[in-house]
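Here is a brief report on a protein model and its ligand.

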Amino acid sequence: MRITVLTGAGISAESGIRTFRATDGLWEEHRIEDVATPQGFQRDPALVHRFYNQRRADAARAQPNAAHRALAQLAQHHQVTLVTQNVDDLHERGGSPEVIHMHGSLLGALCAGCGHRWPAVLVMRALDPCPACGKPLTRPDIVWFGEIPYHMDRIWEAVQSADLFAAIGTSGMVYPAAGMAQYARRNGVDTIELNLASSAVSRDFTDRRIGKATKVVPDWVA
Ligand code: BV8
């Protein structure tokens with residue numbers, strides 16, 4: 001069976017990583033939409049790096065949970081395309097063989113000048129020179145609001161060609177991820193939502209499992 005899975009911050013919540021809604025969208029009194037934007041980086045690169053350095057340290061301390069491990073197990077029995085909005089590496093550390101990070105990754109660094117990518121260091125600074133062009137324009141390799149998410153052609157293809165589309169732990173507040181269930185249904189793909197509560201797009205799903213990810217995901221995979 002071909003299953004395309006989309007995960008959000010809710011799958012990492014029980015690993016101790018805060019979700020966006022849990023922080024009511026604020027960080028150091030800044031709206032995340034102000035910090036996680038190219039304009040925010042232009043305005044105050046040190047503030048933006050502080051935001052991501054903190055999340056990189058939190059993610060490094062966190063451990064994958066039973067939901068991450070259950071999705072790795074699912075991939076052993078089905079053709080799974082795993083797409084995540086999350087920027088942590090808990091899916092990889094939970095054993096998933098291939099993860100599509102549509103919003104980038106805390107483990108990546110990107111040169112805002114020449115576009116070169118390289119592995120991030122734990123504490124990143126804007127003035128760190130790019131290994132390729134030498135410019136002090138280092139940014140996290142994260143897709144910010146107003147930027148185009150990565151691998152979208154491959155993702156849309158995986159959603160429309162699946163037998164089942166499953167969304168796990170996402171509020172359905174951010175596009176284009178939030179539009180995937182509707183796109184699946186338009187292509188005759190069955191849809192299921194696994195979440196602690198209903199989301200902004202619950203109406204787009206024909207099936208749902210309500211509960212904590214570490215409970216409902218292993219139960220669903222079993
Ligand atoms: C783009 C990386 C196009 C950064 C992120 C008006 C209408 C529609 C769209 C827009 C609009 N205005 C602007 C837009 C576009 C914008 C958007 O959607 N804005 C929103 C705010 C309206 N989108 C974009 O800008 C995207 N790009 O559209 O480009 C384009 C085209 C051409 C040319 C240029 C551009 C890019 C968006 C990417 C932003 N980056 N992340 C970072 O991580 O720091 S978004 C960030 O928030 C996350 O990655 C995630 O995607 C998003 C939402 O987070 P969730 O993962 O859903 O988490 P959340 O906290 O919201 O919810 C947690 C869920 O878990 C809840 O449902 C909760 O119930 C559940 N839960 C909690 N605990 C548990 C649990 N479930 C199970 N078990 C538990 N224990």
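## Ligand shell

The ligand is surrounded by 33 residues, each with a heavy atom within 4 Å of it. The closest are Arg-55, Gln-85, Gly-146, Glu-147 and Ser-171. The model is predicted: local features need pLDDT of at least 70, side-chain atom pairs count only at pLDDT 80 or more, and totals for chains, interfaces and linings use all residues. Numbering runs from 1 along each chain as its sequence is written, and side-chain values use heavy atoms, with hydrogens and water left out.

By type, the shell holds 17 nonpolar, 11 polar and 5 charged residues. Helix α3 (residues 45-61) gives the most, with 3 residues. Helices are DSSP runs of H or I, at least four residues; strands are E runs of at least two.

## Polar contacts and burial

Polar contacts pair N or O atoms within 3.5 Å. The side chain of Arg-55 places an N or O atom 2.5 Å from a ligand oxygen. For Thr-170, a polar side-chain atom lies 2.7 Å from a ligand oxygen. Ala-9 uses a polar backbone atom, 2.8 Å from an oxygen of the ligand.

Alone, the ligand exposes 1500 Å². The protein buries 74% of that (Shrake-Rupley, 1.4 Å probe).

## Nonpolar core

The largest nonpolar core has 19 residues. Its members are buried Ala, Val, Leu, Ile, Met, Phe, Trp, Tyr and Cys residues joined through side-chain atoms within 4.5 Å; buried means under 20% relative accessible area (1.4 Å probe, protein chains only). β1 (2-7), α4 (66-77), β9 (164-168), β10 (190-195) and α8 (213-221) each supply at least two residues. The largest share, 5 residues, comes from α8.

Trp-220 is among the residues with the most contacts inside this core. Beyond four places in sequence, Trp-220 touches Ile-3, Leu-71, Leu-74, Leu-164, Ala-166, Ile-168, Ile-192, Leu-194 and Arg-209 (heavy atoms within 4.5 Å).

How values were computed
Buried < 20%, exposed > 50% of the residue type's maximum accessible area, 1.4 Å probe, protein only. Polar contact = N/O pair within 3.5 Å; in protein donor to acceptor, adjacent residues only side chain to side chain. Nonpolar A, V, L, I, M, F, W, Y, C, P; charged D, E, K, R; others polar.
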